[in-house]
Amino acid sequence: MNLRETALIAGMAAVTFGIRYALYALGHRVAFPARVHRALRYVPVAVLTAITVPMVLLPDGAWDLSWRNPWLAGSLASAGVAWRWRRVLPAISVALFVYFGWRWLFG
């Protein structure tokens with residue numbers, strides 16, 4: 001790693017630390033409206049969706065909505081379990097079981 005790459009990484013770390021530290025240091029002095037608090041509750045769901053949907057629908061870089069897509073089968077099974085029982089661990093377990101079973105069966 002050369003000096004330019006090291007400086008770039010150090011700069012990114014400084015910016016990230018500065019933003020996070022400012023929010024921690026000044027967070028108790030700033031009062032957010034109730035509407036902002038309600039909106040912030042949806043951030044984890046939005047981030048998780050943004051990460052998983054491309055992986056499920058575009059597993060090899062191209063759209064795959066077929067029944068042979070193990071990512072799609074696992075995620076649909078997981079969504080069904082999560083909707084029915086509202087438990088995270090069973091949903092994850094079923095997703096893994098269906099995903100690996102689908103890969104084993106349809107390779």
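Visitor: Which residues form one aromatic cluster?
Guide: Rings of Phe, Tyr and Trp (for Trp, the six-membered ring) pair if their centres lie within 6.5 Å; planes under 30 degrees apart count as stacked, over 60 as edge-to-face and the rest as tilted. The one cluster formed here consists of Trp67, Trp102 and Phe106.

Visitor: What kind of model is this?
Guide: Residues are numbered from 1 along each chain as its sequence is written, and side-chain values use heavy atoms, with hydrogens and water left out. Local features need pLDDT of at least 70, side-chain atom pairs count only at pLDDT 80 or more, and totals for chains, interfaces and linings use all residues; the model is predicted.

Visitor: How many helices and strands does the chain have?
Guide: Helices (H or I, at least four residues) and strands (E, at least two) are DSSP runs, numbered from the N terminus. Read from that end, the elements run α-α-α-α-α. The totals are 5 helices and 0 strands.

Visitor: What is the radius of gyration of the chain?
Guide: The C-alpha atoms fill a box of roughly 55 × 45 × 25 Å along the principal axes. The radius of gyration is taken over C-alpha atoms, and the globule rule is 2.2 Å times the number of residues to the power 0.38. A compact globule of 107 residues would come out near 13 Å, whereas this chain has 20 Å.

Visitor: What share of the residues counts as buried?
Guide: Buried means under 20% relative accessible area, exposed over 50%, and partly exposed in between (1.4 Å probe, protein chains only). Of the 107 residues, the buried share is 12%.

Visitor: What part of the contacts with a separation of 6 or more joins residues 24 or more positions apart?
Guide: A contact means heavy atoms within 4.5 Å. Among the contacts in the chain with a separation of 6 or more, residues 24 or more positions apart account for 34%.

Visitor: How many residues of the contact of H3 with H4 are nonpolar, polar and charged?
Guide: Met55, Val56 and Leu57 in H3 meet Trp71, Leu72 and Ser75 in H4. Ala, Val, Leu, Ile, Met, Phe, Trp, Tyr, Cys and Pro count as nonpolar, Asp, Glu, Lys and Arg as charged, and the others, Gly among them, as polar. The contact divides into 5 nonpolar, 1 polar and no charged.

Visitor: Which residues does glycine 74 contact, leaving aside its neighbours within four places in sequence?
Guide: Glycine 74 is found in helix H4. Glycine 74 counts as buried because its relative accessible area is 3%. Beyond its sequence neighbours, glycine 74 is in contact with Ala95, Val98 and Tyr99.

Visitor: Which residues does serine 78 touch, not counting those up to four places away in sequence?
Guide: Serine 78 also lies in H4. Its relative accessibility is 16%, so serine 78 counts as buried. With residues up to four places away left out, serine 78 touches Ala91 and Ala95.

Visitor: Is alanine 82 buried, partly exposed or exposed?
Guide: Alanine 82 is found in H4 and touches Arg87 and Ala91, not counting residues up to four places away in sequence. Since its relative accessibility is 30%, alanine 82 counts as partly exposed.

Visitor: What is the phi of arginine 86?
Guide: Most residues other than glycine have a negative phi. Arginine 86 is found in the loop between H4 and helix H5 (88–106), and counts as exposed at 65% relative accessibility. Although not a glycine, arginine 86 has a positive phi of about 55°.

Visitor: How far apart are the C-alpha atoms of valine 88 and glycine 101?
Guide: Valine 88 is found in H5 and is exposed, with a relative accessible area of 63%. Valine 88 and glycine 101 are 13 residues apart in sequence, and their C-alpha atoms are separated by 20 Å.

Visitor: What are the centre distance and plane angle for tyrosine 99 and phenylalanine 100?
Guide: The count of aromatic pairs comes to 5. Tyrosine 99 is buried, with a relative accessible area of 12%. Its pair with phenylalanine 100 is edge-to-face, with values of 5.0 Å and 70°.
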